Amino acid sequence: MRAARLIRMALLVQSTPGLTAAALARELGVSERTVIRDAQALQEAGVPVRSERGRTGGYRLAPGHRTRLTTLHPTEAETLYLSGLPTALRDLGLSGPADTARLKLSATLLPSLRAAAESSVRRFHLDAPAWFREPSAPELLPELARAVWSDLTVGLGYARPGRDGAAPRGVTRLLEPYGLVLKAGVWYVVGRVPGEGPGRDGAWRTYRVDRITALSPAPGAGEPFVREPSFDLAAHWRDHAAGFARALLRATVTVRLTERGLSRLPSVADPAGVDRAMASASAPDAAGRVTLDLPVESDEVAFAQLTGLGAEVEVLAPQGLRARFREHAQALAALYGAAPEDDQR
């Protein structure tokens, strides 16, 4: 365990010179005191780690010293080749550079490690898009990716979805694109919109890339924008995704479920809504049924979701939705109560 941590520390200091003890402690998940002890251990092992004081100080390797990749463990070499997303790289227009990088990496590895790395490609493949969806890369994605890499402000046209079946409405925005996210085969861009109105400068926005209709450099944006140093794309996306899921659940239905219906509920309803509903679920009644208030997007969505549970669920409220289930049940009873037409002839 400590040996792996020492190797990682040496690589961190090599790739990011000037890291403080506090920064290294966060990256390694240890205390600053442990970082100091590990630095001493690396020095004793012949790795020239130096600690410099002052505002521009931190931990550095001696000039000219490099840690070689030939020290990789076979398992590390295998996982290194699994870290790429072939579909995502293709969408971003980076398949060629990625292939070249792998060739260069293979050339630096020992023959035994090279074989271990290449074997992982033959054994594992990541297919990001969901089933029953034809994957297609948005046309403007590579150009947008270049803006992300270069920290260039862009002007974009966006087809905002209409409400209640209305046609999409075109809007224009200036955006400082901070990052791209691939979620279930759909690309999103996360960025900051400067000067969006009084008191709203620097508002964060997320846009679906396939709804971007036009993309161009922002007027006068010849220089890169200044990134917010504390911005964490992964953390921002987790918060955004959780908030988006909660915002969708605008209605509540009261249902009574059998034990089987309760076990199947997560497979038909929104997971965030199910988690909230379970926190307030009643104790099972004499028949083993549980009553709970389920957050849903709308009565329409609830009807589509809960019909999949059949007789394992009873809608108690709202009354309009209960009446719709009653009509649905009566229609099914009428359909299946009669003999099939082929038997009547």
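Trp204 counts as partly exposed in this predicted model, at 29% relative accessibility. The cut-off for buried is under 20% relative accessible area and for exposed over 50%, so a residue at 29% falls in between. The aromatic partner of Trp204 is Tyr178, and the two rings have their centres 4.8 Å apart. Their planes stand at 80°, so the pair is edge-to-face. Tyr178 belongs to strand 4 (residues 169–183) and Trp204 to strand 6 (residues 203–208), so this contact ties together parts that are 26 residues apart in sequence.

Tyr178 itself is buried, with a relative accessible area of 4%. Tyr178 also pairs with Phe225, and here the rings are stacked, at 5.3 Å centre to centre and 25° between the planes. Phe225 lies in the loop between strand 7 and helix 9, so the pair with Tyr178 in strand 4 joins parts that are 47 residues apart in sequence. Phe225 counts as buried because its relative accessibility is 9%, which is under the 20% limit. Ring pairs extend this group into a cluster made up of Tyr178, Trp204, Phe225 and Phe231. In total the structure holds seven aromatic pairs.

Arg227 lies over the face of Tyr178, at 4.7 Å from the ring centre. Arg227 is partly exposed, with a relative accessible area of 31%. Arg227 forms a salt bridge with Asp151 as well, with the closest N and O atoms 2.7 Å apart. Asp151 sits in the loop between helix 8 (141–150) and strand 3 (154–160), while Arg227 sits in the loop between strand 7 (212–217) and helix 9, so the bridge ties together parts that are 76 residues apart in sequence. Asp151 is buried, at a relative accessible area of 18%.

Helix 9, which spans residues 233–248, contains Ala234. Ala234 is partly exposed, with a relative accessible area of 43%. The C-alpha atoms of Ala234 and Val181 are separated by 8.8 Å, although the two residues are 53 residues apart along the chain.

Salt bridges occur elsewhere too, and their count comes to 13. One of them joins Glu314 and Arg256, at 3.0 Å from N to O. Glu314 is in strand 10 (residues 313–317) and Arg256 in strand 8 (residues 251–257), and the pair links parts of the chain 58 residues apart. Glu314 counts as partly exposed at 25% relative accessibility, and Arg256 counts as partly exposed at 23%.

Another salt bridge connects Arg324 with Glu300, whose closest N and O atoms are 2.8 Å apart. Arg324 lies in helix 13 (residues 319–337) and Glu300 in helix 12 (residues 299–306), so the bridge ties together parts that are 24 residues apart in sequence. Arg324 is partly exposed, with a relative accessible area of 31%. The charged end of Arg324 also sits over the ring of Phe303, 4.0 Å from its centre. Finally, Arg50, Glu52 and Arg60 are linked in a network of salt bridges.

Terms used: Residues numbered from 1 in each chain as written. Predicted model: local features only at pLDDT ≥ 70, side-chain atom pairs only at ≥ 80, totals over all residues. Heavy atoms only, no water. Helix = DSSP H or I, 4+ residues; strand = E, 2+ residues; numbered from the N terminus. Buried < 20%, exposed > 50% of the residue type's maximum accessible area, 1.4 Å probe, protein only. Salt bridge = Lys/Arg side-chain N within 4 Å of Asp/Glu carboxyl O. Phe/Tyr/Trp six-rings, centres within 6.5 Å; stacked < 30°, edge-to-face > 60°. Lys NZ or Arg CZ within 6 Å of the ring centre and 35° of its normal.
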